[in-house]
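This report describes selected features of one protein chain. Please consult the sequence and the structure shown below alongside the text.

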Amino acid sequence: MKIGFIGLGIMGRPMSKNLLKAGYELVVYDRNKWKRDEVIKEGAEEGTSPKDVASRSDVIITMLPNSPQVKEVVLGNGGVIEGAKEGSILIDMSSIAPLASREVSEKLAEKKIRMIDAPVSGGEPKAIDGTLSIMVGGEEKDFEECLPILKTMGSSAVLCGEIGAGNVTKLANQIMVAVNIAGMSEALVLAAKSGVSPEKVYNAVRGGLAGSTVLDAKAPLIMDRKFDPGFRIDLHIKDLGNVIETGHGVGVPLPLTSSVMEMFQALKVDGLGSEDHGALVKFYEKLSHIEVTR
Ligand code: NAD
(Lines give C-alpha, C1' and ligand atoms only; values in the text may rest on other atoms or scores of the structure.)
Protein backbone atom coordinates (compact mmCIF):
# COMPACT_ATOMS: atom_id res chain seq x y z
CA MET A 1 0.00 0.00 0.00
CA LYS A 2 1.28 3.46 -0.89
CA ILE A 3 0.42 6.51 1.19
CA GLY A 4 0.42 10.10 -0.06
CA PHE A 5 1.17 12.81 2.51
CA ILE A 6 0.42 16.49 1.83
CA GLY A 7 1.34 19.24 4.31
CA LEU A 8 4.77 18.77 5.87
CA GLY A 9 4.69 21.44 8.57
CA ILE A 10 5.53 21.22 12.28
CA MET A 11 3.16 18.25 12.61
CA GLY A 12 3.23 16.69 9.13
CA ARG A 13 6.99 16.13 9.02
CA PRO A 14 7.27 13.96 12.14
CA MET A 15 3.98 12.18 11.33
CA SER A 16 5.18 11.27 7.84
CA LYS A 17 8.54 10.13 9.18
CA ASN A 18 6.75 7.76 11.58
CA LEU A 19 4.88 6.24 8.63
CA LEU A 20 8.23 5.65 6.87
CA LYS A 21 9.67 4.07 10.04
CA ALA A 22 6.64 1.73 10.18
CA GLY A 23 7.54 0.53 6.67
CA TYR A 24 4.91 2.31 4.56
CA GLU A 25 5.86 3.55 1.08
CA LEU A 26 5.30 7.29 0.99
CA VAL A 27 4.94 10.01 -1.65
CA VAL A 28 4.97 13.53 -0.16
CA TYR A 29 4.15 17.09 -1.14
CA ASP A 30 4.35 20.51 0.48
CA ARG A 31 4.58 23.82 -1.31
CA ASN A 32 7.88 24.45 0.50
CA LYS A 33 10.70 22.48 -1.11
CA TRP A 34 12.93 22.30 1.99
CA LYS A 35 10.11 20.58 3.88
CA ARG A 36 9.70 18.01 1.07
CA ASP A 37 13.48 17.45 0.98
CA GLU A 38 13.62 16.73 4.71
CA VAL A 39 11.18 13.81 4.36
CA ILE A 40 12.59 12.61 1.01
CA LYS A 41 15.97 12.28 2.77
CA GLU A 42 14.29 9.74 5.06
CA GLY A 43 13.09 7.60 2.13
CA ALA A 44 9.89 9.19 0.75
CA GLU A 45 9.26 9.83 -2.96
CA GLU A 46 8.67 13.39 -4.13
CA GLY A 47 5.24 14.42 -5.40
CA THR A 48 4.92 17.40 -7.74
CA SER A 49 1.36 18.44 -6.81
CA PRO A 50 -1.61 17.20 -4.74
CA LYS A 51 -3.03 15.65 -7.95
CA ASP A 52 0.26 13.83 -8.62
CA VAL A 53 0.44 12.54 -5.02
CA ALA A 54 -3.17 11.31 -5.17
CA SER A 55 -2.67 9.53 -8.51
CA ARG A 56 0.23 7.54 -7.02
CA SER A 57 -1.43 6.62 -3.70
CA ASP A 58 -4.08 4.30 -2.23
CA VAL A 59 -4.50 6.44 0.89
CA ILE A 60 -3.92 10.21 0.95
CA ILE A 61 -3.23 12.08 4.21
CA THR A 62 -3.54 15.88 4.48
CA MET A 63 -2.12 17.91 7.39
CA LEU A 64 -2.80 21.54 6.46
CA PRO A 65 -3.51 24.75 8.44
CA ASN A 66 -7.28 25.30 8.04
CA SER A 67 -10.43 24.81 5.92
CA PRO A 68 -9.44 27.07 2.95
CA GLN A 69 -6.13 25.24 2.46
CA VAL A 70 -7.82 21.81 2.67
CA LYS A 71 -10.45 22.90 0.12
CA GLU A 72 -7.75 24.27 -2.20
CA VAL A 73 -5.48 21.21 -1.95
CA VAL A 74 -8.30 18.66 -2.25
CA LEU A 75 -10.85 20.33 -4.54
CA GLY A 76 -8.83 23.06 -6.32
CA ASN A 77 -6.99 23.06 -9.65
CA GLY A 78 -4.40 20.30 -9.65
CA GLY A 79 -6.01 19.03 -6.44
CA VAL A 80 -6.36 15.57 -4.91
CA ILE A 81 -9.80 15.11 -6.51
CA GLU A 82 -8.27 15.29 -10.00
CA GLY A 83 -5.76 12.51 -9.34
CA ALA A 84 -7.31 10.18 -6.77
CA LYS A 85 -8.32 6.68 -7.87
CA GLU A 86 -11.86 5.44 -7.40
CA GLY A 87 -12.13 3.68 -4.02
CA SER A 88 -9.11 5.46 -2.54
CA ILE A 89 -9.46 7.22 0.81
CA LEU A 90 -8.51 10.67 2.09
CA ILE A 91 -7.59 11.00 5.77
CA ASP A 92 -7.72 14.72 6.57
CA MET A 93 -5.80 15.18 9.83
CA SER A 94 -5.91 19.01 9.75
CA SER A 95 -8.00 20.84 12.38
CA ILE A 96 -10.73 22.50 10.28
CA ALA A 97 -14.40 23.49 10.51
CA PRO A 98 -16.65 20.38 10.67
CA LEU A 99 -18.87 21.86 7.96
CA ALA A 100 -15.86 22.07 5.63
CA SER A 101 -15.09 18.36 6.28
CA ARG A 102 -18.65 17.50 5.23
CA GLU A 103 -18.46 19.69 2.10
CA VAL A 104 -15.15 18.19 0.97
CA SER A 105 -16.35 14.64 1.65
CA GLU A 106 -19.56 15.19 -0.39
CA LYS A 107 -17.55 16.41 -3.40
CA LEU A 108 -15.16 13.45 -3.12
CA ALA A 109 -18.06 10.99 -2.82
CA GLU A 110 -19.29 12.14 -6.27
CA LYS A 111 -16.03 10.63 -7.62
CA LYS A 112 -16.30 7.56 -5.37
CA ILE A 113 -13.40 8.73 -3.19
CA ARG A 114 -13.91 8.08 0.52
CA MET A 115 -12.90 10.39 3.39
CA ILE A 116 -12.53 10.42 7.15
CA ASP A 117 -11.65 13.50 9.24
CA ALA A 118 -9.01 12.70 11.85
CA PRO A 119 -7.65 15.79 13.63
CA VAL A 120 -5.12 15.30 16.40
CA SER A 121 -4.26 16.57 19.84
CA GLY A 122 -0.83 16.42 21.43
CA GLY A 123 1.37 18.84 19.50
CA GLU A 124 4.86 18.41 18.06
CA PRO A 125 6.38 16.27 20.89
CA LYS A 126 3.62 13.67 20.56
CA ALA A 127 3.80 13.84 16.76
CA ILE A 128 7.50 12.96 17.07
CA ASP A 129 6.82 10.13 19.57
CA GLY A 130 3.88 8.80 17.54
CA THR A 131 1.60 9.19 20.57
CA LEU A 132 -1.00 11.68 19.30
CA SER A 133 -4.66 11.43 20.33
CA ILE A 134 -6.69 11.11 17.13
CA MET A 135 -10.38 12.03 16.92
CA VAL A 136 -12.15 10.52 13.93
CA GLY A 137 -15.34 11.13 11.98
CA GLY A 138 -16.55 8.87 9.17
CA GLU A 139 -17.89 5.43 8.27
CA GLU A 140 -16.92 2.63 10.67
CA LYS A 141 -15.53 0.41 7.90
CA ASP A 142 -13.33 3.25 6.61
CA PHE A 143 -12.13 3.93 10.16
CA GLU A 144 -11.25 0.24 10.67
CA GLU A 145 -9.37 0.19 7.36
CA CYS A 146 -7.33 3.26 8.31
CA LEU A 147 -6.72 2.24 11.94
CA PRO A 148 -3.31 0.56 11.40
CA ILE A 149 -2.10 3.74 9.68
CA LEU A 150 -3.49 5.99 12.42
CA LYS A 151 -1.89 3.77 15.08
CA THR A 152 1.59 4.50 13.65
CA MET A 153 1.04 8.21 14.40
CA GLY A 154 -1.09 8.08 17.55
CA SER A 155 -1.48 6.12 20.77
CA SER A 156 -5.26 6.41 20.53
CA ALA A 157 -7.75 6.80 17.69
CA VAL A 158 -11.44 7.07 18.60
CA LEU A 159 -14.32 7.03 16.12
CA CYS A 160 -16.58 9.84 17.38
CA GLY A 161 -19.36 9.74 14.76
CA GLU A 162 -20.04 10.56 11.13
CA ILE A 163 -17.81 12.71 8.92
CA GLY A 164 -17.11 16.02 10.71
CA ALA A 165 -17.40 14.43 14.17
CA GLY A 166 -13.61 14.30 14.50
CA ASN A 167 -13.43 18.05 14.05
CA VAL A 168 -16.39 18.69 16.39
CA THR A 169 -14.45 16.71 19.02
CA LYS A 170 -11.29 18.70 18.28
CA LEU A 171 -13.21 21.97 18.72
CA ALA A 172 -14.55 20.73 22.08
CA ASN A 173 -10.96 19.91 23.03
CA GLN A 174 -9.78 23.39 22.05
CA ILE A 175 -12.51 25.07 24.15
CA MET A 176 -11.45 23.09 27.22
CA VAL A 177 -7.74 23.79 26.70
CA ALA A 178 -8.24 27.54 26.08
CA VAL A 179 -10.54 28.10 29.05
CA ASN A 180 -8.30 25.95 31.26
CA ILE A 181 -5.23 28.07 30.38
CA ALA A 182 -7.22 31.26 31.09
CA GLY A 183 -8.41 29.98 34.49
CA MET A 184 -4.92 28.89 35.42
CA SER A 185 -3.46 32.26 34.34
CA GLU A 186 -6.04 34.22 36.34
CA ALA A 187 -5.27 32.09 39.41
CA LEU A 188 -1.47 32.32 39.18
CA VAL A 189 -1.58 36.10 38.68
CA LEU A 190 -3.80 36.41 41.77
CA ALA A 191 -1.27 34.37 43.77
CA ALA A 192 1.72 36.40 42.52
CA LYS A 193 0.11 39.78 43.21
CA SER A 194 -1.01 38.60 46.66
CA GLY A 195 2.61 37.83 47.51
CA VAL A 196 2.21 34.03 47.52
CA SER A 197 4.70 32.03 45.44
CA PRO A 198 3.01 30.72 42.25
CA GLU A 199 5.23 27.66 42.51
CA LYS A 200 3.92 26.90 46.02
CA VAL A 201 0.33 27.37 44.78
CA TYR A 202 1.00 25.07 41.82
CA ASN A 203 2.51 22.34 44.03
CA ALA A 204 -0.29 22.66 46.58
CA VAL A 205 -3.20 22.38 44.12
CA ARG A 206 -1.93 20.11 41.36
CA GLY A 207 -3.00 16.89 43.14
CA GLY A 208 -6.50 18.18 43.90
CA LEU A 209 -9.57 18.97 41.83
CA ALA A 210 -7.88 21.98 40.19
CA GLY A 211 -5.06 19.79 38.87
CA SER A 212 -5.06 19.15 35.12
CA THR A 213 -2.87 18.11 32.22
CA VAL A 214 -2.94 21.75 31.10
CA LEU A 215 -1.76 22.94 34.52
CA ASP A 216 1.12 20.42 34.56
CA ALA A 217 2.12 21.22 30.98
CA LYS A 218 1.87 25.02 31.10
CA ALA A 219 2.44 26.28 34.69
CA PRO A 220 6.13 25.24 34.84
CA LEU A 221 6.79 26.83 31.41
CA ILE A 222 5.05 30.06 32.48
CA MET A 223 7.04 30.25 35.72
CA ASP A 224 10.26 29.67 33.70
CA ARG A 225 9.12 32.37 31.20
CA LYS A 226 9.33 29.88 28.30
CA PHE A 227 6.89 30.84 25.56
CA ASP A 228 8.37 29.14 22.47
CA PRO A 229 5.64 27.17 20.69
CA GLY A 230 4.35 24.42 21.29
CA PHE A 231 0.99 25.51 20.01
CA ARG A 232 0.95 29.03 18.61
CA ILE A 233 -1.59 31.62 19.71
CA ASP A 234 -2.35 32.19 15.99
CA LEU A 235 -3.41 28.55 15.62
CA HIS A 236 -5.58 28.68 18.73
CA ILE A 237 -7.24 31.83 17.33
CA LYS A 238 -7.93 29.85 14.15
CA ASP A 239 -9.49 26.99 16.14
CA LEU A 240 -11.60 29.29 18.35
CA GLY A 241 -12.80 31.04 15.17
CA ASN A 242 -14.01 27.61 13.97
CA VAL A 243 -15.56 26.97 17.41
CA ILE A 244 -17.52 30.24 17.27
CA GLU A 245 -18.63 29.74 13.64
CA THR A 246 -19.72 26.17 14.36
CA GLY A 247 -21.36 26.96 17.71
CA HIS A 248 -23.34 29.88 16.39
CA GLY A 249 -24.30 27.82 13.32
CA VAL A 250 -25.93 25.12 15.45
CA GLY A 251 -27.32 27.52 18.10
CA VAL A 252 -24.77 27.29 20.92
CA PRO A 253 -23.73 30.58 22.57
CA LEU A 254 -20.09 30.46 23.73
CA PRO A 255 -19.51 33.08 26.44
CA LEU A 256 -16.24 31.66 27.82
CA THR A 257 -14.72 30.83 24.43
CA SER A 258 -15.53 34.33 23.18
CA SER A 259 -13.80 35.93 26.19
CA VAL A 260 -10.63 33.89 25.69
CA MET A 261 -10.75 34.61 21.95
CA GLU A 262 -10.63 38.37 22.70
CA MET A 263 -7.68 37.84 25.08
CA PHE A 264 -5.79 35.98 22.32
CA GLN A 265 -6.72 38.74 19.85
CA ALA A 266 -5.25 41.38 22.22
CA LEU A 267 -2.01 39.38 22.49
CA LYS A 268 -1.86 39.07 18.70
CA VAL A 269 -2.15 42.87 18.44
CA ASP A 270 0.78 43.03 20.87
CA GLY A 271 2.80 40.94 18.36
CA LEU A 272 2.64 37.70 20.34
CA GLY A 273 0.72 35.55 17.81
CA SER A 274 3.72 33.25 17.29
CA GLU A 275 4.21 32.57 21.00
CA ASP A 276 2.86 29.48 22.76
CA HIS A 277 -0.76 29.70 23.91
CA GLY A 278 0.59 29.59 27.49
CA ALA A 279 1.51 33.25 26.85
CA LEU A 280 -2.16 33.95 27.60
CA VAL A 281 -0.85 34.66 31.11
CA LYS A 282 0.71 37.88 29.69
CA PHE A 283 -2.79 39.27 29.12
CA TYR A 284 -3.50 38.96 32.85
CA GLU A 285 -0.01 40.12 33.83
CA LYS A 286 -0.48 43.34 31.87
CA LEU A 287 -3.81 44.04 33.62
CA SER A 288 -2.32 43.47 37.08
CA HIS A 289 1.25 44.77 36.57
CA ILE A 290 2.82 41.59 37.90
CA GLU A 291 4.80 38.68 36.43
CA VAL A 292 4.32 35.00 37.31
CA THR A 293 7.73 33.57 38.15
CA ARG A 294 9.07 30.86 40.46
P1 NAD B 1 2.17 24.28 9.78
O2 NAD B 1 1.76 25.64 9.37
O3 NAD B 1 3.52 24.08 10.40
O4 NAD B 1 2.06 23.27 8.54
C5 NAD B 1 1.17 23.37 7.49
C6 NAD B 1 1.89 22.99 6.20
O7 NAD B 1 0.98 23.04 5.12
C8 NAD B 1 3.03 23.94 5.85
O9 NAD B 1 4.23 23.20 5.69
C10 NAD B 1 2.58 24.60 4.56
O11 NAD B 1 3.66 24.86 3.67
C12 NAD B 1 1.65 23.54 4.00
N13 NAD B 1 0.68 24.11 3.07
C14 NAD B 1 -0.20 25.11 3.30
N15 NAD B 1 -0.94 25.34 2.21
C16 NAD B 1 -0.52 24.47 1.26
C17 NAD B 1 -0.89 24.23 -0.08
N18 NAD B 1 -1.85 24.94 -0.66
N19 NAD B 1 -0.25 23.25 -0.75
C20 NAD B 1 0.73 22.53 -0.15
N21 NAD B 1 1.14 22.71 1.12
C22 NAD B 1 0.51 23.68 1.81
O23 NAD B 1 1.02 23.77 10.75
P24 NAD B 1 1.07 22.55 11.81
O25 NAD B 1 1.46 23.07 13.15
O26 NAD B 1 1.81 21.39 11.23
O27 NAD B 1 -0.49 22.23 11.92
C28 NAD B 1 -1.20 21.51 10.92
C29 NAD B 1 -2.61 21.26 11.43
O30 NAD B 1 -2.54 20.50 12.66
C31 NAD B 1 -3.38 22.55 11.77
O32 NAD B 1 -4.71 22.39 11.42
C33 NAD B 1 -3.21 22.66 13.29
O34 NAD B 1 -4.27 23.39 13.89
C35 NAD B 1 -3.21 21.21 13.69
N36 NAD B 1 -2.52 20.92 14.97
C37 NAD B 1 -1.33 21.51 15.24
C38 NAD B 1 -0.71 21.25 16.48
C39 NAD B 1 0.60 21.89 16.86
O40 NAD B 1 0.98 21.81 18.03
N41 NAD B 1 1.32 22.51 15.93
C42 NAD B 1 -1.33 20.38 17.40
C43 NAD B 1 -2.51 19.77 17.06
C44 NAD B 1 -3.12 20.05 15.84
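In which helix is Lys-107 found? Lys-107 is found in helix α6. The model discussed throughout is a predicted one.

Lys-107 counts as partly exposed, because its relative accessibility is 45%. Beyond its neighbours within four places in sequence, Lys-107 is in contact with Leu-75 and Ile-81. Its C-alpha atom lies 59 Å from that of Gly-195, a residue 88 places away in sequence.

The loop between α6 and β6 contains Lys-112. Although it is not a glycine, Lys-112 has a positive phi of about 60 degrees. Lys-112 counts as exposed, because its relative accessibility of 56% is over the 50% cut-off.

## Annotated spans

UniProt, in an unreviewed entry, places the domain "6-phosphogluconate dehydrogenase NADP-binding" at residues 2-159. In the model this span is 45% helix and 24% strand, and its end C-alpha atoms are 23 Å apart.

A further domain feature, "3-hydroxyisobutyrate dehydrogenase-like NAD-binding", is placed by UniProt at residues 164-284, again from an unreviewed entry. Residues 164-284 are 70% helix and 0% strand, with 35 Å between the end C-alpha atoms.

Strand β4 covers residues 59-62, and all of them are buried. Val-59 and Ile-61 point one way from the strand, whereas Ile-60 and Thr-62 point the other way.

β4 pairs in the parallel sense with strand β1 (residues 2-6) over four bridges, and Ile-61 is the bridge partner of Phe-5. Strand β5 (residues 89-92) also pairs with β4 in the parallel sense, over four bridges. There, Asp-92 of β5 stands opposite Thr-62.

## The second largest pocket

The second largest pocket holds about 190 Å³ of space. Elements giving two or more residues to its lining are α6 (98-110), β6 (114-117) and α8 (140-153). Among the lining residues are Ser-105, Ala-109, Arg-114, Met-115, Lys-141, Asp-142 and Glu-162. By class, the lining comprises five charged, four nonpolar and two polar residues.

## Asn-167 in helix α9

Asn-167 is placed in helix α9. Asn-167 counts as buried, because its relative accessibility is 0%. Apart from its neighbours within four places in sequence, Asn-167 is in contact with Ser-94, Ser-95, Ile-96, Pro-98, Ser-101, Asp-117 and Pro-119.

Which residues of helix α11 are buried? In this helix, spanning residues 213-223, they are Val-214, Leu-215, Lys-218, Ala-219, Pro-220, Ile-222 and Met-223. An α-helix has 3.6 residues a turn, so residues three or four places apart point the same way. The cover over the buried residues of α11 includes α9 (165-193), α10 (198-205) and α14 (281-288).

Most residues other than glycine have a negative phi, and most peptide bonds are trans. The loop between α11 and α12 contains Arg-225, which has a positive phi of about 55 degrees although it is not a glycine. Arg-225 counts as partly exposed because its relative accessible area is 25%. Gly-230 is also placed in the loop between α11 and α12 (233-250). The peptide bond from Pro-229 to Gly-230 is cis, with omega near 15 degrees.

How values were computed. Residues are numbered from 1 along each chain as its sequence is written. This is a predicted model: local features need pLDDT of at least 70, side-chain atom pairs count only at pLDDT 80 or more; totals for chains, interfaces and linings use all residues. Side-chain values use heavy atoms; hydrogens and water are left out. Buried means under 20% relative accessible area, exposed over 50%, partly exposed in between (1.4 Å probe, protein chains only). Contact means heavy atoms within 4.5 Å. UniProt positions are given in the numbering used here, feature names are shortened, and annotations may be inferred rather than shown by experiment. On a 1 Å grid over the protein atoms alone, a cavity is a set of points where a 1.4 Å probe fits but cannot get out, and a pocket is an open set with protein on both sides within 12 Å along at least five of seven lines; lining residues have an atom within 4 Å of a point. Grid points are joined across faces, edges and corners, and a volume is the space filled by probe spheres set on the points. Ala, Val, Leu, Ile, Met, Phe, Trp, Tyr, Cys and Pro count as nonpolar, Asp, Glu, Lys and Arg as charged, and the others, Gly among them, as polar. Two strands pair if DSSP finds at least two bridges between them.
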